[in-house]
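Open your viewer and get ready to click along. We will go from stop to stop, selecting a few residues each time and looking at what is there.

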Amino acid sequence: MEPLILHEYAASGNCYKVRLTAALVGLPLERREYDIMKGVARTPEFLARVNANGRIPVLQVGQSFIPESNAACFYLADGSALIPDDRFDRADMLRWMFFEQYNHEPNVATLRFWLAHVGEAGLTDVQRIQIGPKRAAGEAALKLMDDHLETRPFFVADRPTLADIALYAYT
């Protein structure tokens with residue numbers, strides 16, 4: 001297998017879920033840290049070589065790059081028990097992974113990052129205005145998750161899947 005290199009910021013939940021997936025399936029990762037607080041992922045070299053979108057994590061497989069945490073997790077878990085065999089369960093797993101990126105992460109993770117790593121005093125006026133709506137949307141996402149898990153131990157099927165990993169990182 002080609003070497004796997006994770007371009008990351010270790011405090012990121014999105015980076016954590018890639019590390020967790022690799023650990024659960026027994027794949028070694030070389031890790032390269034980027035200080036996003038200093039804009040390192042926005043340098044011309046990073047944009048040209050690693051990810052033109054200027055975001056991490058990025059999973060490097062040999063000379064190829066997979067940006068987006070859930071895509072990287074899927075690559076690592078392909079063929080493992082973390083991806084259900086059943087067609088419906090696979091689609092349901094993807095549904096929860098999309099939910100994580102569109103409902104959970106933009107609210108729960110963004111607010112966590114702003115308050116824990118930037119601090120309210122360091123936020124822009126636009127970000128400060130968004131605190132209340134992001135908190136409300138994050139609480140709604142967490143309630144939906146709690147309600148779903150009231151009757152089952154995992155989001156999909158009868159065992160952990162990538163849906164659980166995706167939603168665990170920031171929850």
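One term will come up all along the way: a residue is buried when its relative accessible area is under 20%, exposed when it is over 50%, and partly exposed in between, using a 1.4 Å probe and protein chains only. What you see is a predicted model, in which local features need pLDDT of at least 70 and side-chain atom pairs count only at pLDDT 80 or more, while totals for chains, interfaces and linings use all residues. Residues are numbered from 1 along each chain as its sequence is written, and side-chain values use heavy atoms, leaving out hydrogens and water.

**Stop 1: a salt-bridge network**

Select Glu8, Arg19 and Arg31, which are linked in a network of salt bridges. A salt bridge here is a side-chain nitrogen of Lys or Arg within 4 Å of a carboxyl oxygen of Asp or Glu, and the count comes to seven. How far apart are the closest N and O atoms of Arg19 and Glu8? They are 2.5 Å apart. This pair links Arg19 in helix H1 (residues 13–25) with Glu8 in strand E1 (residues 4–8), 11 residues apart. Helices (H or I, at least four residues) and strands (E, at least two) are DSSP runs, numbered from the N terminus.

Now look at the other bridge, between Glu8 and Arg31, at 2.4 Å from N to O. Here strand E1 is linked with strand E2 (residues 30–33), and the two residues are 23 apart in the chain. Glu8 is buried, at 1% relative accessible area, and Arg19 is buried too, at 18%. Arg31, at 46%, counts as partly exposed.

**Stop 2: a bridge between two helices**

Next, select Lys17 and Glu100, whose salt bridge has its closest N and O atoms 2.9 Å apart. Lys17 sits in helix H1 and Glu100 in helix H4, so the pair ties together parts that are 83 residues apart in sequence. Buried or exposed? Lys17 is buried, with a relative accessible area of 0%, and Glu100 is also buried at 0%.

**Stop 3: helix H5**

Color residues 125–149, the 25 residues of helix H5. The expected span of a helix is 1.5 Å times one less than its number of residues. For H5 that gives 36 Å, which agrees with its end C-alpha atoms being 36 Å apart. Zoom in on Ile131, where a kink of about 40° lies shortly before the proline Pro133; the bend is the angle between axes fitted to the seven residues ending there and the seven starting there.

Among the buried residues of H5 are Ile131, Gly138 and Met145. The buried residues of this helix pack against helix H4 (87–118) and helix H6 (162–168), with contact meaning heavy atoms within 4.5 Å.

**Stop 4**

Select Ile56 and Pro57: a cis peptide bond joins them, with omega about 5°. Pro57 is in the loop between helix H2 (44–49) and strand E3 (58–61).

Then go to Glu68, which has a positive phi near 80° although it is not a glycine. Glu68 lies in the loop between strand E4 (64–67) and H3 and is partly exposed, at 38% relative accessibility.

Finish at Ala157, another residue other than glycine with a positive phi, about 60°. Its place is the loop between H5 and H6, and its relative accessibility of 33% makes Ala157 partly exposed.
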